Amino acid sequence: MRRLLILLFFLPLGVFGHSPQISTFALVRDSKGQWTAHLSASLEAFESALGNKKFSSAEAFQKELIQQVKSAIKIKSGVLQLVTLNDGQCHLGHQTDLKFTLIGLPADAAKISVENELFKELNSHLMVFKVIDGATESNQFVLQSSNHFSAQVHIQPTGITVDSEQAFNYYYLLFIAPILLLLLLKYPMKKSISVVTLATLFFACSTDDSTVTPAASSAEVPAVYKKIYGASSVTSDGTTISIKVNGLPDHKSPYYATTNSLYQSYSGLTFGGYIFEKNPNSIIEQSATFKIPANPVMATNHAATPLGPIGIALNGVPFFNQYAGPNNQELKGEMAGFDQFYGHPQNSGVYHYHVEPLHLTTVKSTKSGLMGFLLDGFPVYGPQEETGSAVTNANLDVYHGHSHATVDYPNGIYHYHFTSEAPYLNGNGFYGTPGTLTQ
Ligand SMILES: [Zn+2]
Ligand SMILES: [Zn+2]
């Protein structure tokens, strides 16, 4: 019975679900607190919004569209503060997407009022409005029969709610009201599950990807990950950061082929006071993608780190753990093979760091700077704190990290540190839940 009712409930909207006149409007707050507005609709809808004028070029169309959207969307924070849409980006296609950075909308905004009259001249136009919070991953959807829609967004620690000042499409409401009433009578629900929630739950399921482009599929990459300068790409879908690398160090090494411009012979001391002794391996280009959580959290089970890559340095070189091989073989045996920057390749040519990456701590950054990330998404810092004091194992927990504010995370974060003593980078496993590595 329940299934039948739900089916009936979904039926009338199948018509709307495949209509070209559907647009998506999303407010997105990334994990750094930066707000962006995303508007996505069919090219035809945008052309109609500009009065079907003829343009001399795609650029001219884009330019006018951006201006038009900027004046049609009004966003206010609190009562007075007007938010400016900045730096319009436009991606033209059958499905056209626009993105704006919102200047003046505080990261901790509690109330936002939104108005969009871009499509006010269009008949039978539907708009899905979403608020996507990168920090809590909560979504809200409102279905509008929007000729001119406005909404109030309330952001509380308990979640996000949206009040709409515009009535629903009455035809739609008329159709579903009896079914909804039946459902409510038969399956009493908490007050919080409103018509809006039900209606939009369905809508989210019914729209195909040609009509709704989830803003989360290509979320803004938070600034901290842009420090990974050695990656061929760093992308975000809002929950996962994907880092693609070739694993080649950006500094000289005796492990490069002698024909390579980065080849440099080395003799002398290396990490641990050993006299450098080149191992028989050479650096070979790799192809690897590290997928790490964008919002790392402590895990209840702290998984042991595997042999092989456990994280990624800013220059795209992987981090390895404190062991030289299976059954916790001591790293000491291979330390003499660490080159002038304390890295070395293993037998399949993967160059890596087990200990402080000297090129980062002395050339590219500082002893207290960000070095990279472990697979669980938590950042790795050098062997000193920003105050200049050396970090020792005594300052760290069994996973080889601790929490406090850093330059990159002013609100504080759990982070690992390199230390000069074993286990150097990671202790008894990942603090958080590790992401994945594909090679
Ligand atoms: Zn090694
Ligand atoms: Zn620290």
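Which residue of β13 does S242 stand opposite? In this predicted model, in which local features need a pLDDT of at least 70, side-chain atom pairs count only at pLDDT 80 or more, and totals for chains, interfaces and linings use all residues, S242 stands opposite K291 in β13. Residues are numbered from 1 along each chain as its sequence is written, and chains are lettered from A and ligands numbered from 1 in the order in which they are written.

Strands are DSSP runs of E of at least two residues, numbered from the N terminus, and two of them pair if DSSP finds at least two bridges between them. β12 and β13 pair in the antiparallel sense over six bridges, and they belong to an open sheet of four strands with antiparallel pairing in the order β11-β12-β13-β24. Because β11 (233-236) and β24 (436-438) stand at the edges with a single partner strand each, one side of each is left without a neighbour in the sheet.

The loop between β12 (240-245) and β13 (288-293) contains K252, which counts as partly exposed because it has 18 C-beta neighbours inside 10 Å, the class lying between buried (20 or more other C-beta atoms within 10 Å) and exposed (12 or fewer), with C-beta atoms placed from the backbone. Leaving aside residues up to four places away in sequence, K252 touches L262 and Q264, a contact being two C-beta atoms, placed from the backbone, within 7 Å. The C-alpha atoms of K252 and L262 are separated by 4.5 Å, although the two residues are 10 apart along the chain.

The pLDDT, the predictor's confidence in each residue from 0 to 100, averages 80 over the chain, and 74% of the residues score at least 70.
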